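Subject: Structure for you to look at, with notes

Dear colleague,

Here is the structure that I promised to pass on to you.

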Amino acid sequence: MASSLAQTEHHASQSKKAAASGWIGSALEYYDFFIYATAAALIFPQIFFPSDNPTVAIVASLATYGVGYVARPIGAFVLGHWGDTHGRKTVLIVCMFLMGISTMAVGLLPTYQQVGVLAPVLLVILRLIQGFAVAGEISGASSMILEHAPFGRRGFYASFALQGVQAGQILAAAVFLPLAAYMPTEAFNSWGWRIPFLLSFFVIIAGYIIRREVDETPAFAKEDEQGNVPKAPIIQAFKLSWRDMLRVVCMALMNVIPVVATIFGAAYAVQPAYGIGFEKDVYLWIPVLGNMLAVFVIPFVGNLSDKVGRKPPIIIGALSSGLLAFGYLYAISIHNVPLAIFMSLLMWGVVYQGYNAIFPSFYPELFPTRTRVSAMAISQNTGTTITALLPALFATVAPPGSANIPLTVGAIAFGITVIAAIAAVTARETYRINISDLGNPDAVPMPKADYEKMRAHAAGGAAVVTT
């Protein structure tokens with residue numbers, strides 16, 4: 001009895017530590033994402049890309065932000081392979097140090113005035129390393145949390161990986177924006193901008209301490225003990241799961257909603273050429289408020305998916321947020337700031353979370369243990385990388401001065417969300433399938449009544465069910 005109780009407590013502790021590990025890793029990833037994007041717009045053109053033509057400097061600076069996406073597919077192949085052959089814990093520690101050290105290194109870089117062209121070259125190299133590391137973080141963290149989670153609670157626990165994404169952006173805004181707003185310009189341009197990058201040191205330490213305490217997942221350990229760890233998981237993933245990988249590529253196109261909300265939406269609302277005239281300071285609150293709302297919505301939706309399934313929230317979230325894109329862009333077009341903020345909060349902060357909170361559990365549940373990290377990393381990063389091209393597409397089909405911008409961009413966004421919803425419709429439901437049967441197209445879901453009993457038992461502190 002005492003042994004059983006100790007084992008139950010150990011499982012519960014590991015579930016919480018795995019969720020905390022995923023949360024802190026995602027927070028670091030998107031802390032970096034936000035401060036780099038902000039610095040690339042505010043300060044990097046002057047200190048890394050000086051040019052007689054300010055436009056050239058801005059384009060070059062923003063290009064360094066984009067190169068991070070170039071490295072993602074490469075990182076997905078390498079780190080996905082590592083996660084499936086060496087374990088989830090190992091790959092997540094590697095990702096943590098790669099992301100953290102490269103982020104800190106940006107804060108230590110010499111400027112163009114100090115070392116010339118070497119400065120932007122080093123900046124690009126560090127951005128490539130960041131993109132490489134990011135590719136393994138979400139897939140590795142989602143798999144780690146999923147495989148440690150109590151039975152019937154996989155959706156709730158895995159959602160914390162994405163709650164960390166939102167929390168990381170809030171933390172970045174809390175650090176970076178006040179510095180940019182209140183610090184003397186000369187001091188900020190000289191050394192103040194480095195502070196947010198150097199502070200990632202503390203996140204690395206916290207993340208390492210947490211990740212060090214997490215055991216390797218029971219599912220991977222079992223595969224390892226039985227000699228089932230593949231030497232070429234990527235080949236097996238494409239051979240056995242290519243249909244589900246294609247579905248994940250299509251569902252990952254849902255990143256179109258953040259693109260509409262924060263990238264094209266920002267350009268449309270703020271850039272003088274479009275003639276809307278929103279104040280930059282006002283517009284910056286849209287992503288901050290959206291992230292704050294999402295922090296509360298995400299675990300609620302994750303828990304809901306453990307009751308009703310993964311597919312309904314994803315399908316409803318995809319189609320509804322796609323429709324709301326029309327309203328959001330229309331609100332910008334009529335210069336209505338309160339309505340634009342409300343529509344953004346509804347579209348991005350609430351409805352989009354039907355997809356965003358669920359994919360960390362749904363994606364890895366589509367694949368077997370032996371190829372899970374590789375299959376998810378490759379397919380998800382492929383879809384996300386495609387959406388990195390969307391701002392250029394939107395600007396091409398709806399340039400300044402064109403008519404019906406909300407209708408044109410909204411129609412493209414809605415069409416993409418329809419593709420994502422169709423991919424979800426064609427996928428199998430996974431929430432009542434035992435973890436050892438995940439990735440098997442012929443797996444039979446547990447009867448609803450039995451599932452509810454075991455879920456209630458697990459929620460009360462019972463051991464994780466892995467068979």
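Predicted model: local features only at pLDDT ≥ 70, side-chain atom pairs only at ≥ 80, totals over all residues.

Residues are numbered from 1 along each chain as its sequence is written, and side-chain values use heavy atoms, with hydrogens and water left out.

I begin with the cores. A nonpolar core here is a set of buried Ala, Val, Leu, Ile, Met, Phe, Trp, Tyr and Cys residues joined through side-chain atoms within 4.5 Å, where buried means under 20% relative accessible area, exposed over 50% and partly exposed in between, with a 1.4 Å probe and protein chains only. The largest nonpolar core has 90 residues, and those with the most contacts inside it are Met251, Tyr328 and Tyr355. Helix H13, residues 256-270, gives the most to this core, with 10 residues; helices (H or I, at least four residues) and strands (E, at least two) are DSSP runs, numbered from the N terminus. Apart from this core lies another, of 28 residues, which includes Ala39, Leu123, Ala173 and Phe176. If neighbours within four places in sequence are left aside, tyrosine 355 is in contact (heavy atoms within 4.5 Å) with Met251, Ala252, Met254, Pro313, Ile314 and Tyr363.

Next comes the pair of helices. Helix H15 (residues 285-308) and helix H17 (residues 337-351) pack with their axes 9 Å apart and at an angle of about 40°, the axes being lines fitted to C-alpha atoms, for helices over the stretch in contact, and the angles running from 0 to 180 degrees between N-to-C directions. H15 and H17 are therefore oblique to each other, given that angles under 35 degrees count as roughly parallel, over 145 as roughly antiparallel, 65 to 115 as roughly perpendicular and the rest as oblique. On the H15 side the contact is made by residues including Ile286, Pro287, Leu289 and Asn291, and on the H17 side by residues including Ile341, Ser344 and Trp348. The residues of this contact divide into 10 nonpolar, four polar and no charged, where Ala, Val, Leu, Ile, Met, Phe, Trp, Tyr, Cys and Pro count as nonpolar, Asp, Glu, Lys and Arg as charged, and the others, Gly among them, as polar.

Phenylalanine 342 is also found in helix H17, and at 49% relative accessibility phenylalanine 342 counts as partly exposed.

Glutamine 166 is found in helix H7, residues 154-182, and counts as buried at 3% relative accessibility; not counting residues up to four places away in sequence, glutamine 166 touches Asn291, Ala294, Val295, Ile298 and Asn356. Threonine 384, in helix H20 (residues 372-387), counts as buried at 9% relative accessibility.

Lastly, there are two backbone angles to check. Histidine 335, in the loop between helix H16 (311-333) and H17, has a phi near 65°, a positive value in a residue other than glycine. Asparagine 404 likewise has a positive phi, of about 55°, although it is not a glycine, and asparagine 404 is exposed, with a relative accessible area of 53%.

With best wishes
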